Amino acid sequence: MEKQYETVIGLEVHVELATKTKIFCGCSTAFGGEPNTHTCPVCTGMPGSLPVLNKRVLEYAVAVGLATNCEITKYCKFDRKNYFYPDNPQNYQISQLYLPICRNGNVEIETENGKKLVGIHEIHMEEDAGKLIHDEWDDCSLVDYNRSGVPLIEIVSEPDMRSAQEVIAYLEKLRMTIQYLGASDCKLQEGSMRADVNLSVREAGAEAFGTRTEMKNLNSFKAIARAIEGERERQIDLLESGHKVIQETRRWDDAKGESYAMRSKEDAQDYRYFPDPDLVPVVLDNAFLDEIRRKQPEFREDKMARYKREFDLPDYDIDIITAAKRMADLFEATVALGAQPKKVSNWLMVETLRLLKEKEMDPEDIRFSPEHLAKLISLADSKAVNSTVAKEVFEEMFENDIDPEKYVEEKGLKTVNDESALRRAVEKVIADNPQSVTDYRGGKEKAIGFLVGQTMKAMKGKADPGMVNQLLKELL
Amino acid sequence: MANIISDETIEYVGILAKLELTDEEKERAKKDMGSMLDYIDKLGELDTRGVEPMSHVFPVNNVFREDVVTNGDEREAILKNAPEEKNGMFAVPRTFE
């Protein structure tokens, strides 16, 4: 009988924190600046410069730790991780090895096999490295230190996951929790959330873990799922053919659907960690922790229950709206302005999601304000614009956050409620289309649709189709 | 000298420090490192049971900065520290993983 294998997976997730400045200096973390315009002696590792911890980094790290049921380390320190690489100007990365800020946590995930806890071994704070660009012309490498010193937390899970599905559920749970906290936007494609997958296989029922490999360069959930399948197959093939799995770091090439061993930096594993003498210990008291606890937001599970209770929305709507913090915030703010919850939900679920998908945007990228959405809903409710016009206005609002009231006014999109004007248009359509009129009178009910269409056209779309219909029936 | 540094150890330390040493330099480094370790061994003469390892000399905790941008664009000054500069970046020997 063929051997059955179990996959054992643990994750190292790096999350870039949403601070304005770097972890140890007052340089901006803004994206897209010209190379090296966000640098200073601290983040370029100049001798004699002194790093000072950004308090916000600590607050975010503790908030994530509390949200993932971790123990918070009340006496915590930073350590130097030594390695030579040009993206790391100090020749060490400031990180935490001995006393990381959070330990022993867990998150609950849900897959089609039910609920399960995934353990979190630790969360530590550290700095990001610079960016290396290889110059083909001059045979040299160019370094941009704008990213150097950008704050990260690394969330290390226990080897508790057994399938790609569980890994994705775990990542989605982390992402949602961190987005709800506002600690990061967690975009995999843009690298503000990065996951390294540690994977081994063992015969089903075996106690001991197999030899694991670490997989890097995973930029999407799909790539992660494919890399897990690919690595599982590769390791099983090795074992089945009598070979051994070598503990190594591999790089996933998603285009080719295969991984290759990264050339190991010579003895790179010897990082010679030691406490960083430039940074003093962080000592936390209960008052600090209570303050962070007090500021924790309402997380998704609680929000879902409340939406059901307060707004009586269908589960389907609640599931979609609460899946992204930005959507939930927009929903609540729009409802707070007096819009009817189900109507707000419809605009978000249908038109907003459609446009996001079409433009390949994330909910975080939504630009329109709740005030403008509320105005649009009230315009549609009062029949000041018909549903076709409302959708056009919405697209404009989605694109440029225009004020729908002003826009409708300026572009003259208001539905013509002036019955005499409408009556004149209908009379003209009847006079111009004798064939359809005869058809309708002859019992062809459908012919009225054409006449409604012609009237709407004559009114440049600015009529209430219901009213047109009614007038036509009356005049025919 | 109580601490004898082996050829393998000095080779390994050289790799970690990215240093290429001549045979003569290796011999000298072995001797220096041995005597440094002998000196450190003096600490072993003390009873340090129950003493917390110290990472900082001063009893100072919790030094923070607020999350406020205080640095402007200092690129020109920073790039003066580069071995070579190209396109506003530090140019270094070609390096890849």
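A polar contact here is a pair of N or O atoms within 3.5 Å; within protein, one must be able to donate a hydrogen and the other to accept it, and residues adjacent in sequence count only if both atoms are side-chain atoms. This is a predicted model, so local features need pLDDT of at least 70 and side-chain atom pairs count only at pLDDT 80 or more, while totals for chains, interfaces and linings use all residues. Residues are numbered from 1 along each chain as its sequence is written, chains are lettered from A and ligands numbered from 1 in the order in which they are written, and side-chain values use heavy atoms, with hydrogens and water left out.

Start with Gln93(A), in strand E6 (residues 92-95) of chain A; strands (E, at least two residues) and helices (H or I, at least four) are DSSP runs, numbered from the N terminus. Which backbone oxygen does the side chain of Gln93(A) reach? That of Glu127(A), at 2.8 Å. Gln93(A) has a relative accessible area of 11%, so it is buried (under 20%; exposed is over 50%, partly exposed in between, with a 1.4 Å probe and protein chains only). Show its contacts (heavy atoms within 4.5 Å): beyond four places in sequence, they include Asp79(A), Arg80(A), Tyr83(A) and Glu126(A).

Next, select helix H2, residues 164-181 of chain A. Its 18 residues reach 26 Å from first C-alpha to last, close to the 26 Å expected at 1.5 Å a residue (that is, 1.5 Å times one less than the number of residues). Since 14 of those 18 are buried, H2(A) is largely enclosed by the rest of the structure. Just after H2(A), look for Gly182(A) and its positive phi of about 75°.

Now jump to Val280(A), in the loop between strands E16 (274-275) and E17 (282-283) of chain A. At 21% relative accessibility, Val280(A) is partly exposed. Bring up chain B too: Val280(A) touches His56(B), Val60(B), Asn61(B), Asn62(B) and Val63(B). Zoom out for Gly453(A), whose C-alpha is 75 Å from that of Val280(A).

Last stop: helices H13 (residues 434-441) and H14 (residues 447-458) of chain A, whose axes come within 8 Å and cross at roughly 145°. Axes are lines fitted to C-alpha atoms, for helices over the stretch in contact, and angles run from 0 to 180 degrees between N-to-C directions. To see the contact, pick Ser436(A), Val437(A), Asp439(A) and Tyr440(A) on H13(A), then Ala447(A), Ile448(A), Phe450(A) and Leu451(A) on H14(A).
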